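Here's a quick tour for anyone meeting this structure for the first time. Have a look at the sequence and the model, then read on.

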Amino acid sequence: MTTRARGTTRTSQPKAKIPHQICWEDVKEGDAIPPVDFNLTVQRMVMSAGSNRDFATIHHNPTMGKAAGSPDMFLNNVSCLQLWERVISDWIGIHGRVKKVSFRIMHFHAAGDVVHVAGKVAKKWQENGLNLLELEMQSDTPRMPGMTGSVVVALPSKANPTATPHWNAQGVAV
């Protein structure tokens with residue numbers, strides 16, 4: 001318990017744990033990335049559209065979303081990528097880095113959907129001093145796959161697990 005102003009008390013919240021740092025040597029081609037299900041509530045949709053300053057009505061107004069052919073208002077591109085970023089960053093840890101993303105949105109991520117985001121390691125290699133992985137990613141809506149693509153990430157090594165990978169404009173480790 002901690003004491004607050006005017007003699008009131010509250011229970012201390014447990015401190016968040018830093019997730020385990022995955023290293024390049026720990027990963028094999030074919031390994032699955034732990035999936036996450038995202039509940040696309042109206043609140044999440046509106047906050048997401050506002051956070052990336054996309055005020056197009058299709059992203060916060062059900063009538064306009066339906067007029068565009070969606071079951072409801074729907075996520076914009078940046079918000080769809082935010083779902084992937086959450087899953088990937090949780091897996092690669094605080095010292096991993098995203099190097100490249102390519103994707104194709106195939107179907108609406110609509111309000112009320114539970115979107116399942118998952119991936120697997122498709123390729124593992126070293127190049128220009130970097131420990132690289134190519135991840136095959138997919139977001140599934142209740143109706144069909146909503147987004148597919150790949151993400152290249154750089155991971156630290158066991159020899160130096162807290163070294164954050166950096167690269168210059170030519171893609172060479174610095």
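What follows goes from the whole chain to the sheet, and then to a few single residues.

## Ground rules

This is a predicted model, where local features need pLDDT of at least 70 and side-chain atom pairs count only at pLDDT 80 or more, while totals for chains, interfaces and linings use all residues. Residues are numbered from 1 along each chain as its sequence is written, and side-chain values use heavy atoms, with hydrogens and water left out.

## The chain at a glance

The protein chain has three helices and seven strands. Here helices (H or I, at least four residues) and strands (E, at least two) are DSSP runs, numbered from the N terminus. Starting from that end, the elements go β-β-β-α-α-α-β-β-β-β.

Of the chain's 174 residues, 36% count as buried; that means under 20% relative accessible area, with exposed being over 50% and partly exposed in between (1.4 Å probe, protein chains only). The chain exposes about 10200 Å², and carbon and sulfur atoms supply 54% of that. Accessible areas come from the Shrake-Rupley method with a 1.4 Å probe, and for residues only the protein chains shown count as cover. As for contacts (heavy atoms within 4.5 Å), take those between residues at least 6 apart in sequence: 67% of them join residues at least 24 apart.

## The five-strand sheet

Five strands make an open sheet, in the order β3-β5-β6-β7-β4, with antiparallel pairing. Two strands pair if DSSP finds at least two bridges between them. At the edges stand β3 (32-39) and β4 (97-105), each with a single partner strand, so one side of each has no neighbour in the sheet. From one strand to the next, the twist averages 20°.

Helix α3 (residues 77-92) lies across β3, β4, β5, β6 and β7, at about 45° to β7. For that angle, axes are lines fitted to C-alpha atoms (for helices, over the stretch in contact), and angles run from 0 to 180 degrees between N-to-C directions.

## Hairpins and partners

Strand β5 (residues 114-127) pairs with strand β6 (residues 130-140) over eleven bridges, in the antiparallel sense. Along this pair, K123 sits opposite E134 in β6, and K124 has L133 as its bridge partner. The hairpin has two residues between the strands, and N128 takes a positive phi near 50° there.

Next along, β6 and β7 run antiparallel and are joined by ten bridges. L135 faces V151 in β7.

Find G149 in strand β7 (residues 145-155). It counts as partly exposed because its relative accessibility is 22%. G149 and E136 are 13 residues apart along the chain, with their C-alpha atoms separated by 6.0 Å. Leaving aside neighbours within four places in sequence, G149 touches W84, S102, F103, L135, E136 and M137.

Over in strand β4 is V101, partly exposed at 39% relative accessibility.

Finally, W167 is in the segment after β7 and is partly exposed at 26% relative accessibility. Leaving aside neighbours within four places in sequence, its contacts include R97, V98 and L130.
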